Amino acid sequence: MRGEIGIGRWFRAVLCAALAAGSCTPRGNRVVVGSKNFTEQDILGEIIAQQLERRTSLTVDRRLHLGGTFVCHQALVAGQIDVYPEYTGTALVAILRDPPDADPRTAFDRVSREYAAQFHARWLPPFGFDNTFAIVVRASDASRLGLRTISDAARVAPGWRAGFGYEFMDRADGYPGLAERYGLHFAVAARVMDLGLTYRALADSVVDLIAGNSTDGQIEELHLVALADDRRYFPAYEAAPVVGEAALRRHPEIATALAELAGRLSDTAMRRLNFLVDVRHRSAADVAREYLAGIGPGAGPLPGAAPAAYHSPSPTSPESAVPRRAQREATP
């Protein structure tokens with residue numbers, strides 16, 4: 001068990017200055033929602049904020065686009081924000097310094113236990129999507145060849161050309177391990193290029209298969225398809241709200257309100273929301289509002305939604321340089 005992260009007085013002062021609109025004193029009937037500094041996080045932050053506004057009497061302050069993983073994490077630990085969306089894989093690798101885990105339930109249980117013990121924070125049930133790497137092909141090829149999984153693509157790969165980003169070629173959960181797990185062999189050596197260029201190269205038939213991010217809006221924009229990782233090679237990066245225990249003690253209705261979002265946002269739906277903001281230039285606030293109106297009070301899962309999310313285990317439970325829209329995070 002790792003010791004709790006210490007935050008010096010200097011860091012508290014910096015956070016208070018950066019969040020000047022939000023006082024360092026107790027907030028009473030106010031809750032502060034943060035997010036990281038890329039499109040998907042802006043959308044999730046708005047979904048969280050608007051859900052709290054429509055389901056509770058709390059006043060919601062937004063600190064969206066706050067910064068990267070460490071900025072948001074430290075702000076949560078310091079009590080300068082009360083909740084922000086995080087990814088299980090990011091929490092394991094970047095915050096806990098643990099190895100990645102491809103099993104979503106195991107990853108969620110691990111971060112839930114460690115965050116409760118180390119940071120006095122609770123992971124609420126995941127939204128339902130997994131923003132991990134994805135092997136992507138043209139929709140026309142997938143339809144013509146009956147491709148649904150990476151194993152399906154492996155059958156035709158010897159006649160294909162692949163294109164991958166620089167990072168994907170080198171990282172531990174990248175191409176070398178993928179090729180070994182699926183027996184992937186291509187007609188020629190994979191082309192290495194900037195991640196943002198791989199989507200256009202695929203759409204223009206310069207290459208036939210790429211590795212992208214599973215919820216990237218360009219997949220829809222360019223009529224591409226993300227194949228299922230049927231051998232579970234890629235680590236889980238499920239998104240979920242992470243809330244400070246102090247905020248939950250003050251306002252337990254936060255957990256009740258956000259639990260309504262559990263399992264309601266599939267990879268396809270998140271990809272669509274990213275598309276609307278990044279490609280159609282809609283505001284994150286408008287897109288979040290329309291999404292929440294669509295799920296409605298007491299409505300069932302959206303078509304294509306993820307299975308019902310598992311519940312966060314209690315702390316004592318034994319269970320317990322890429323373009324912005326092509327980016328999950330520079331650091332996972």
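The structure is a predicted model, in which local features need pLDDT of at least 70 and side-chain atom pairs count only at pLDDT 80 or more, while totals for chains, interfaces and linings use all residues. Residues are numbered from 1 along each chain as its sequence is written, and side-chain values use heavy atoms, with hydrogens and water left out.

Strand β3 spans residues 83-87, and five of its five residues are buried. Helices (H or I, at least four residues) and strands (E, at least two) are DSSP runs, numbered from the N terminus. In a regular strand, side chains alternate between the two faces of the sheet. β3 pairs with strand β10 (residues 239-244) in the antiparallel sense, over five bridges. Pairing requires that DSSP finds at least two bridges between two strands. Tyr87 has Ala239 of β10 as its bridge partner.

Strand β1 (residues 30-36) is also mostly covered, with seven of its seven residues buried. Arg30, Val32, Gly34 and Lys36 point one way, and Val31, Val33 and Ser35 the other. β1 runs parallel to strand β2 (residues 59-67), and six bridges join the two. Arg30 is partnered by Thr59 in β2. Together with helix α2 (residues 39-55), β1 and β2 make a right-handed β-α-β unit. Right-handed means that, with the strands pointing away from the viewer, the path from the first strand over the helix to the second runs clockwise.

The whole structure holds 19 salt bridges. A salt bridge is a side-chain nitrogen of Lys or Arg within 4 Å of a carboxyl oxygen of Asp or Glu. One of them joins Glu86 to Lys36, with the closest N and O atoms 2.5 Å apart. Glu86 lies in β3 and Lys36 in β1, so this pair ties together parts 50 residues apart in sequence. Glu86 has a relative accessible area of 0%. Lys36 likewise has 0%.

Asp101 and Arg110 meet in a salt bridge at 3.1 Å, N to O. Asp101 is buried at 17%, and Arg110 at 18%. Arg122 and Glu245 form a salt bridge at 3.5 Å, N to O. This pair links strand β4 (residues 121-123) to helix α12 (residues 245-250), across 123 residues. Arg122 is partly exposed at 32%, whereas Glu245 is buried at 15%. Salt bridges also link Arg138, Asp141, Arg144, Arg161 and Asp208 in a network.

Methods. Buried < 20%, exposed > 50% of the residue type's maximum accessible area, 1.4 Å probe, protein only.
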